[in-house]
Amino acid sequence: MKVLVIGGGGREHALVWKLSQSSRVTKLFCAPGNAGISKIAECLNIKADDISVLVNFAKYEGIDLTVVGPEAPLTAGIADVFIKEKRRIFGPDASGAQLEGSKVFAKELMLKYGIPTAEYKMFTSYLHAEEYVRLKGAPLVIKADGLAAGKGVIIAETADEAINALKLIMKEKAFGSAGNRVVVEQCLKGEEASFMVLTDGKTVVPLAASQDHKTIFDNDKGPNTGGMGAYSPTPVITDQLEKDIMHSIIKPLINGMFKEKINYRGVIYAGLMICKGKPYVLEFNCRFGDPEAQPVLMRLDSDLFDALKATAYGQLKNIKISWKDTASVCVVLASKGYPGSYEKGDIIKGLDVLNNKKDLMVFHSGTGTKNGEFVTSGGRVLGVTALGKSIKDAKKSAYEAIEKIHFSGMQYRKDIGDKAIRKTVVSSKQ
Ligand code: AMP
């Protein structure tokens, strides 16, 4: 079977790596891919959002399954175009991708189908939004409706901060038309966790739970990033809580989408806040999380191709997936300056030492090559992902591997996994 993966980050490297282990997969392409992906797949010089070129490639190359990594092509309707051309694709159509593409759509759907989430109001008028903020008082969360590269959510600790956020989004149009509508939301306090499922619109298969680290600095300090690390499993999501999430969030969502005539085939990612033991939805994404995909796919024991193909074909009921009985930790190495502006083209040293190291993968996020050497080409550069008997062991292996890697200005968090380790220590003492 020929498979095309769309995207070029750490998530796509993890997808390509896991797909390459399937005996069913005979040829792997990635568009556009990156320097790490090019070692295991043929990378194509096609951008992830160049839908017409991608569908033509899939047609003429006879691609059996296309797997979409990032959200932008999904919200732009790549699956609709592929389906029209009778090409199989893993990822929801534009109607399903609104779950991520429009916060207003997601909130309205949750309200309609009784899915627990923060109380909110939607505004198209700046003055009305400002009035509401003054009435409500802080803390509040201000969210641009549309896609804003992970930057459209602002947690305001004071009313002034909330009003500044409204000005930024609605008046200064910092995120363009993504800010035409704004959600002003109650600020929830609790513990965050990510929960992903595969669904073909009828059957739901939960994936191993994970937790990411959004801010740039240790102890959750500093500005938000695309994600500086993640681990799986997470002690926050117990078996009982998983049942709760399936019952109160995932099942009503799938039923709701069915009633709305949305035929969803892909991943649903629920970003959750666990408040006093109860799960609330902060956001839905319509694709695998990045970096979460890296530790989660490292732990997947069964064949990823079979699961993704069955999802795309509406046959997920025939699939059972299994997980390694290990934990996994992914630490992201980023360029100096990230998440602000950063330099590119710095030589990355030490990766060859880590090749073929058991239970360790260095997934590439933003890399290229120059004169035969790997160089940085993005804000997030590498995702060093290790397996271990426990989160503590996996963390140790990941950080030992990082000591071998170097590029100018390399920055990373030192505390990935610590929350889980602290929790495990507490619970083993109880
Ligand atoms: P989102 O893109 O909606 O997940 O928001 C990004 C981050 O903002 C989340 O991972 C949370 O840390 C935070 N966040 C979003 N909504 C809320 C909320 N209602 N209460 C508290 N924190 C939130």
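Reader: Does Tyr 399 count as buried or exposed, and at what relative accessibility?

Author: A residue is called buried when its relative accessible area is under 20%. At 14% relative accessibility, Tyr 399 therefore counts as buried in this model, which is a predicted one.

Reader: What is the relative accessible area of Tyr 412?

Author: The relative accessible area of Tyr 412 is 23%, and this residue is partly exposed.

Reader: Let us turn to aromatic pairs. How is a pair of aromatic rings described?

Author: Two quantities are used: the distance of the centres and the angle of the planes. The structure holds 6 aromatic pairs. One of them is formed by Phe 90 and Phe 288, with 6.1 Å centre to centre and 20 degrees between the planes, and this pair is stacked.

Reader: Which parts does the pair of Phe 90 and Phe 288 tie together?

Author: Phe 90 belongs to strand 5 (residues 89-90), whereas Phe 288 lies in the loop between strand 17 and helix 10 (293-299). The pair therefore ties together parts that are 198 residues apart in sequence. Phe 90 is buried, at a relative accessible area of 2%, and Phe 288 is buried with a value of 2% as well.

Reader: How far apart are the ring centres of Tyr 399 and Tyr 412, and at what angle are their planes?

Author: Their centres are 6.2 Å apart and their planes stand at 40 degrees, so this pair is tilted. Tyr 399 is part of helix 13 (residues 391-402), and Tyr 412 is in the loop between helix 13 and helix 14 (418-429), so parts 13 residues apart in sequence are tied together.

Reader: Which charged residues lie over a ring?

Author: Two cases may be given. The charged end of Lys 27 sits over the ring of Phe 29, at 5.1 Å from its centre. Arg 88 lies over the face of Tyr 313, and the distance to the ring centre is 3.9 Å.

Reader: Which residues have an N or O atom facing a polar atom of the ligand, and at what distance?

Author: A side-chain N or O atom of Lys 103 is 3.4 Å from an oxygen atom of the ligand. Leu 188 takes part through its backbone, where an N or O atom lies 2.8 Å from a nitrogen atom of the ligand. In Glu 192, a polar side-chain atom lies 2.4 Å from a ligand oxygen atom.

Reader: How much of the ligand does the protein bury?

Author: The ligand exposes 470 Å² when taken alone, and the protein buries 90% of that.

Reader: Lys 103 has been mentioned. How many residues of helix 6 (residues 103-112) are buried?

Author: As a general idea, an α-helix has 3.6 residues a turn, so residues three or four places apart point the same way. Helix 6 is mostly covered, with 7 of its 10 residues buried: Lys 103, Val 104, Phe 105, Ala 106, Lys 107, Leu 109 and Met 110. Gly 114, which follows helix 6, has a positive phi near 65 degrees.

Reader: Which residues other than glycine have a positive phi?

Author: Most residues other than glycine have a negative phi, and most peptide bonds are trans. Asn 219 has a positive phi near 60 degrees; this residue lies in the loop between strand 13 and strand 14 (221-224) and is exposed at 55% relative accessibility. Lys 276 has a positive phi of about 45 degrees, lies in the loop between strand 16 (266-275) and strand 17, and is exposed at 87%.

Reader: Which peptide bonds are cis?

Author: The bond from Ala 31 to Pro 32 is cis, with omega near -5 degrees, and Pro 32 is found in strand 2 (residues 27-32). The bond from Ser 232 to Pro 233 is cis too, with omega near -5 degrees. Pro 233 is in the loop between strand 15 (229-232) and helix 9 (239-259).

Note on methods:
Residues are numbered from 1 along each chain as its sequence is written. This is a predicted model: local features need pLDDT of at least 70, side-chain atom pairs count only at pLDDT 80 or more; totals for chains, interfaces and linings use all residues. Side-chain values use heavy atoms; hydrogens and water are left out. A polar contact is a pair of N or O atoms within 3.5 Å; within protein, one must be able to donate a hydrogen and the other to accept it, and residues adjacent in sequence count only if both atoms are side-chain atoms. Accessible areas come from the Shrake-Rupley method with a 1.4 Å probe; for residues, only the protein chains shown count as cover. Rings of Phe, Tyr and Trp (its six-membered ring) pair if their centres lie within 6.5 Å; planes under 30 degrees apart count as stacked, over 60 as edge-to-face and the rest as tilted. Helices (H or I, at least four residues) and strands (E, at least two) are DSSP runs, numbered from the N terminus. Buried means under 20% relative accessible area, exposed over 50%, partly exposed in between (1.4 Å probe, protein chains only). A charge sits over a ring if NZ of Lys or CZ of Arg is within 6 Å of the ring centre and within 35 degrees of the ring normal.
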